[in-house]
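Visitor: I have a model open and would like to learn how to read it. Please take me through some features one at a time.

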Amino acid sequence: MEQAIVKVVDLSHRYTMQWAIKNINFELDRCGVVGLLGANGAGKSTTMNIICGVLNQTHGDVYIDGVNMKTDPIKAKSNIGFLPQKPPLYPDLNVKEYLSFCADFHMVDKRKIKSTVERAMDYCGLSHIQKRMIRNLSGGYQQRVGIAQAIVHEPKFVVLDEPTNGLDPNQILEVRRLVKEIAKERTVLLSTHILSEVQATCDQIKMIDAGKMVFSGTMEEFDNYIEPHTILAIFDSALPEEDLRSIEGIIKVEEIRDRHYRLWFDGSPDMTKRVMEKSLQHDWGLLEINFERSSLDTIFAQLSNNTKSKE
Ligand code: ATP
């Protein structure tokens with residue numbers, strides 16, 4: 001089997017007396033976007049800073065492409081691109097000058113700097129503004145420059161700490177598109193405290209709560225885990241619960257308030273269609289039907305309770 005691009009073994013860190021992260025273990029495959037999800041203060045930045053070799057851990061090991069960050073940090077870091085929460089931009093340089101500086105800093109062969117910088121600018125949609133001073137760019141373009149500096153040396157692994165923070169909705173879509181593009185050729189680890197962000201961008205998800213890993217799996221597994229298959233249906237008059245239970249695939253029915261029903265179902269993909277058809281056949285007057293989504297708070301509570309009960 002191909003070696004994981006990142007391997008994190010028993011990683012723990014404490015700044016003062018309290019552990020910021022405790023016994024984190026995971027491996028990452030060689031391409032795709034992995035979301036690191038957690039509330040503020042959960043331990044995302046601590047984990048990312050250690051993985052990138054910016055912070056020395058109290059305990060545990062990080063391997064990048066098989067190289068231990070502790071014993072050979074220069075080699076390990078040559079395969080990492082990092083965009084911290086505050087992008088390390090130099091406002092008085094123009095885009096091309098800044099990216100050339102970054103390529104040099106990452107020890108790209110001097111003869112290749114011009115072509116790698118052009119490639120990174122092209123990739124991130126920056127070629128047309130390469131002569132503009134960074135301080136005059138919008139937040140969205142500054143973030144693209146931040147992402148370009150993280151890929152300019154063509155690393156195999158890219159770490160983005162809350163890359164859409166502070167951007168407007170259009171800029172958020174642009175950055176998400178760029179992240180997906182980058183992840184076609186390499187692994188991207190992206191941290192966020194926004195559930196919809198991982199749902200829109202990530203293939204895999206790791207969730208941290210209070211310094212501990214509470215979930216690790218594919219986006220599909222996460223969705224199934226956090227969302228029991230439930231539908232919320234509203235009718236224009238009250239219905240006997242047996243009528244709703246008679247629909248094939250419905251497991252349980254609960255009337256949550258007047259004419260509002262929560263329907264547990266077996267995961268069939270066409271469940272809403274079946275409810276609509278039955279309603280039309282029997283003239284039940286279906287007004288609204290939606291899959292239910294849990295709030296992030298509920299999910300954190302559910303996942304951290306699950307972990308506590310396993311301890
Ligand atoms: P955010 O999204 O708010 O950045 P996070 O998930 O990235 O949160 P971390 O910044 O890793 O979380 O913080 C984890 C814990 O470690 C928090 O309790 C935080 O207060 C604490 N912490 C972080 N940095 C330091 C530091 N330099 N000194 C002391 N405690 C710290």
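Guide: Start with one residue and its accessibility. Asp-258 has a relative accessibility of 52%, and because exposed means over 50%, Asp-258 counts as exposed. Keep in mind that this is a predicted model.

Visitor: Which residue forms a salt bridge with Asp-258?

Guide: The partner is Arg-259, and the closest N and O atoms are 3.5 Å apart. Arg-259 is partly exposed, at 26% relative accessibility.

Visitor: Which residues do salt bridges that share partners join into one network?

Guide: That network consists of Arg-119, Glu-154, Glu-185 and Arg-186.

Visitor: How many salt bridges does the structure hold?

Guide: There are 18. One of them connects Asp-65 and Lys-156, with 2.6 Å between the closest N and O atoms. This pair links distant parts of the chain, 91 residues apart. Asp-65 lies in the loop between β4 (59-64) and β5 (67-68), and Lys-156 in the loop between α5 (139-151) and β7 (157-161).

Visitor: Is Asp-65 buried or exposed?

Guide: Asp-65 has a relative accessible area of 17%; buried means under 20%, so Asp-65 is buried. Lys-156 is partly exposed, with 36%. In another salt bridge, Lys-184 meets Glu-181 at 3.2 Å, N to O. There Lys-184 is exposed at 59%, and Glu-181 is partly exposed at 29%.

Visitor: Now the sheet. In what order do the strands of the open sheet stand?

Guide: The 4 strands run in the order β12-β13-β11-β14, with antiparallel pairing. β12 (250-257) and β14 (286-291) are at the edges; each has a single partner strand, so one side of each has no neighbour in the sheet. From one strand to the next, the twist averages 20°.

Visitor: Over how many bridges do β12 and β13 pair?

Guide: They pair over 6 bridges, in the antiparallel sense, β13 being residues 260-265. Within β13, Arg-262 stands opposite Glu-254.

Visitor: Which helix packs on the sheet?

Guide: Helix α10 (residues 271-282) does, touching β11 (230-235), β12, β13 and β14. The direction of α10 makes about 170° with that of β14.

Visitor: Last, the surface. Which residues form a nonpolar patch there?

Guide: Tyr-90, Phe-101 and Phe-105 form the patch, and together they have about 350 Å² of accessible area. Tyr-90 sits in the loop between β6 (80-83) and α3 (95-105). At 42% relative accessibility, Tyr-90 is partly exposed.

Technical notes
Residues are numbered from 1 along each chain as its sequence is written. This is a predicted model: local features need pLDDT of at least 70, side-chain atom pairs count only at pLDDT 80 or more; totals for chains, interfaces and linings use all residues. Side-chain values use heavy atoms; hydrogens and water are left out. Two strands pair if DSSP finds at least two bridges between them. Helices (H or I, at least four residues) and strands (E, at least two) are DSSP runs, numbered from the N terminus. Axes are lines fitted to C-alpha atoms, for helices over the stretch in contact, and angles run from 0 to 180 degrees between N-to-C directions. Contact means heavy atoms within 4.5 Å. Patches are made of residues with over 30% relative accessible area and no salt bridge: like charges are joined within 9 Å, nonpolar side chains (Val, Leu, Ile, Met, Phe, Trp, Tyr) within 5 Å. Accessible areas come from the Shrake-Rupley method with a 1.4 Å probe; for residues, only the protein chains shown count as cover. A salt bridge is a side-chain nitrogen of Lys or Arg within 4 Å of a carboxyl oxygen of Asp or Glu. Buried means under 20% relative accessible area, exposed over 50%, partly exposed in between (1.4 Å probe, protein chains only).
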